[in-house]
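I opened this entry to go through strands, a helix and charged pairs in turn. My notes follow in the order in which I looked things up.

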Amino acid sequence: TAPLLDTDQTLFAVSAWNDNGQKYRGRDPQRILRSDFFPGLGWMLTRNLWIQELRNKWPPAYWDDWLRESAQRKDRHVLRPELCRTFHTLAAGTGTSKGQYANFLTSIQIYQGPPIDFTTTLDPTSLNLQEYDSNLLRRLKAATLITSSHDLISFPTLSDSDLHSPPATAFRIEYHTVEDRGPNSFPALARSFRLMDNVKAGVPRSAYRGVIEFYHNGYYIYLMPPLAQVERNLFQLSVS
C-alpha cells in the first residue's frame with residue numbers, strides 16, 4: 001500500500017488495523033478497504049504530509065483524536081485490511097480511553113494464515129476512488145434491506161464451506177443518526193451486532209461514507225446511513 005499512499009492524493013494514511021477485526025467479522029486476507037476513520041494502530045503516512053501539514057502543529061497529547069478531526073484529515077481516507085495485521089497487546093493499559101474498550105480490543109485477532117504478497121494479488125485500480133465508489137454503490141444497491149439484527153434470525157447460520165467471495169447473500173441495515181438516540185441510531189444498531197459503537201469527529205469506527213462492512217453468522221452486512229444519502233455522498237466525493 002505504500003506506493004498507493006505516495007501517488008493517491010485522496011489518501012491520508014494506511015493502517016494494518018481494523019477496529020471491528022474479530023476473527024468472525026472478516027474472511028478475506030487479501031481485501032483492503034477505504035475508511036474515513038483514522039484507526040490509531042499500525043499506521044503509516046508520507047514524509048511530505050508530516051513535514052508540510054502535521055509536524056509544526058503536532059499536539060502534546062491525544063494525537064489520535066486530533067488526526068481524526070476534519071482540519072487534519074481533510075476528507076482524505078485511510079486504507080485498512082479486512083483482517084488485522086497488528087493487534088492490541090494489553091487488556092488494560094494507560095491509554096486515553098482508560099480501558100473503556102479493553103475487552104473488545106483484546107477480542108480482535110491478527111491474521112495468522114499464509115503470507116500475502118500484495119504486489120502480486122492486489123489490483124491497485126480497485127482502490128482508485130471512482131472505481132472503489134462505483135463498486136461499493138453497486139454492492140449496496142444489490143444488498144437486501146432489513147431493519148435490525150433480529151431479521152436475520154430466520155436465516156440459517158452459514159458455515160465456512162457455505163461462504164463465497166463475493167458473498168452470495170448480503171444485507172444492508174440503515175441507521176438515521178450517529179448520536180445515541182433510539183433503536184435506529186448507529187450506536188444502538190452497532191451494539192446489537194457487538195460492533196464498536198464509538199464515533200469520533202462524526203465518523204463511526206472503520207466506516208467509509210458511514211458504511212461499516214462485516215460478516216454476521218456468515219452473511220455480509222452493511223450498516224449504513226440511508227442508501228440515497230450514501231449515494232449522494234459518494235457522488236459528491238467523486239466529482240470534487
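**Sheet with S9 at an edge**

I began with an open sheet of four strands, ordered S5-S6-S10-S9, with mixed pairing. The model is a predicted one. Strand S5 (144-146) and S9 form the edges; each has a single partner strand, so one side of each lacks a neighbour in the sheet. On average, neighbouring strands here are turned by 30 degrees against each other, direction ignored.

I then took the pairs in this sheet. S5 runs parallel to strand S6 (residues 170-174), and three bridges join the two. Ile 146 sits opposite Ile 173 in S6. S9 and strand S10 (residues 219-224) are antiparallel, with five bridges between them. Opposite Ile 212 I found Leu 223 in S10. The two strands S9 and S10 make a hairpin with two residues between them, and Asn 217 in the turn has a positive phi of about 55 degrees.

**Burial of S9**

Is S9 buried or exposed? Five of the five residues of S9 (residues 212-216) are buried, so the strand is largely enclosed by the rest of the structure. I checked the two faces separately, because side chains in a regular strand alternate between the two faces of the sheet. Ile 212, Phe 214 and His 216 lie on one side, Glu 213 and Tyr 215 on the other, and all of them are buried.

**Glu 213 and its partner**

Glu 213 forms a salt bridge with Arg 139, with 3.3 Å between the closest N and O atoms. Arg 139 belongs to helix H7 (residues 129-142) and Glu 213 to strand S9, so this pair ties together parts 74 residues apart in sequence. Glu 213 has 10% relative accessibility and counts as buried. Arg 139 is also buried, at a relative accessible area of 19%, just inside the cut-off, since buried means under 20%. Salt bridges with shared partners join Arg 139 and Glu 213 with Arg 31 and Glu 82 into one network.

**Helix H7**

Next I followed Arg 139 into its helix. H7 has 14 residues and spans 20 Å from first to last C-alpha, close to the 20 Å expected at 1.5 Å a residue. Its buried residues are Leu 129, Tyr 132, Asp 133, Leu 136, Leu 137, Arg 139 and Leu 140. Viewed down the axis of H7, the buried residues fall within an arc of 165 degrees, so they line one face of the helix. In general, an α-helix has 3.6 residues a turn, so residues three or four places apart point the same way. On the face of H7 turned away from the buried side I noted the exposed residues Arg 138 and Ala 142. At the start of H7, a side-chain oxygen of Asn 128 comes to within 3.2 Å of the backbone nitrogen of Gln 130.

**Other salt bridges**

How many salt bridges are there? The count comes to 18. I looked at two further pairs.

Arg 31 and Glu 82 meet through their side chains in a salt bridge of 3.2 Å, N to O. This pair links distant parts of the chain: Arg 31 is in the loop between strand S1 (11-15) and strand S2 (32-35), while Glu 82 is in the loop between strand S4 (77-81) and helix H5 (102-107), 51 residues apart. Both Arg 31 and Glu 82 are buried.

Asp 36 forms a salt bridge with Arg 209, and the closest N and O atoms are 3.6 Å apart. Asp 36 is in the loop between S2 and strand S3 (43-44), Arg 209 in the loop between strand S8 (203-204) and S9, so the pair ties together parts 173 residues apart in sequence. Asp 36 is buried at a relative accessible area of 5%, and Arg 209 is buried at 15%.

**Sheet with S2 at an edge**

Last, I looked at the strands next to these loops. Four strands make an open sheet in the order S2-S4-S1-S3, with mixed pairing. S2 and S3 are the edge strands, each pairing on one side only. S2 pairs with S4 in the antiparallel sense over four bridges. Leu 33 stands opposite Arg 80 in S4.

Key
Residues numbered from 1 in each chain as written. Predicted model: local features only at pLDDT ≥ 70, side-chain atom pairs only at ≥ 80, totals over all residues. Heavy atoms only, no water. Buried < 20%, exposed > 50% of the residue type's maximum accessible area, 1.4 Å probe, protein only. Pairing = 2+ DSSP bridges. Salt bridge = Lys/Arg side-chain N within 4 Å of Asp/Glu carboxyl O. Expected span 1.5 Å × (residues − 1). Arc of directions from axis to C-beta. Polar contact = N/O pair within 3.5 Å; in protein donor to acceptor, adjacent residues only side chain to side chain. Axes fitted to C-alpha atoms, helices over the stretch in contact; angles between N-to-C directions.
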